[in-house]
Amino acid sequence: MAVAIRLKREGARNHPYYKIVVADQRMPRDGRFIEILGTYDPKKTGENFSIKLDRADYWLGVGARPSQTVGSIIAKARKQIAAEA
């Protein structure tokens, strides 16, 4: 089974809100998923995402492929963690 880490759209018209989910690549964008890893709100300024990095690392370790946007969110989260340490 090909697994992807991608965004699932929610929210109202003209105000999108996304959940970062692990899903089978063959499922529709807003369809069935395996696990919720976090959230992303593109309209919010400043820190507009939250993600469980330990679970994201697990899924990446077993072969899940992140979408381009989710990949950049994971990179930002890692950079943020490194800056705090």
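## A guided tour of the predicted model

The protein's secondary structure consists of two helices and five strands; helices (H or I, at least four residues) and strands (E, at least two) are DSSP runs, numbered from the N terminus. This is a predicted model, in which local features need pLDDT of at least 70 and side-chain atom pairs count only at pLDDT 80 or more, while totals for chains, interfaces and linings use all residues. Residues are numbered from 1 along each chain as its sequence is written, and side-chain values use heavy atoms, with hydrogens and water left out.

**The whole chain.** Begin with a cartoon view and follow the elements from the N terminus: they run β-β-β-β-α-β-α. The radius of gyration, taken over C-alpha atoms, is 13 Å, close to the 12 Å that the globule rule gives for 85 residues, so the protein is as compact as a globular protein of that length. That rule is 2.2 Å times the number of residues to the power 0.38. Along its principal axes, the C-alpha trace spans about 35 × 35 × 20 Å.

**The core.** Next, select Ile5, Ile20, Leu37, Ile51 and Trp59; of the 18 residues in the largest nonpolar core, these touch the most other members. Such a core is a set of buried Ala, Val, Leu, Ile, Met, Phe, Trp, Tyr and Cys residues joined through side-chain atoms within 4.5 Å. Buried means under 20% relative accessible area, exposed over 50%, and partly exposed in between (1.4 Å probe, protein chains only). At least two residues of this core come from each of E1, E2, strand E3 (35-40), strand E4 (49-51), helix H1 (53-61) and helix H2 (68-84). H2 gives the most, with four residues.

**Trp59.** Now centre the view on Trp59. Leaving aside residues up to four places away in sequence, Trp59 touches Val3, Ile5, Val22, Ile34, Glu35, Leu37 and Ala64, where contact means heavy atoms within 4.5 Å.

**Two asparagines in loops.** Move to Asn14, in the loop between strand E1 (3-12) and strand E2 (15-24). Asn14 is exposed, with a relative accessible area of 61%. Most residues other than glycine have a negative phi. Asn14, although not a glycine, has a positive phi of about 65°.

Then select Asn48, in the loop between E3 and E4. Is Asn48 buried or exposed? At 17% relative accessibility, Asn48 counts as buried. Residues up to four places away in sequence aside, Asn48 touches Thr39, Tyr40, Asp41 and Pro42.

**Back to the whole.** Finally, show every residue again: of the 85 in the protein, 34% count as buried.
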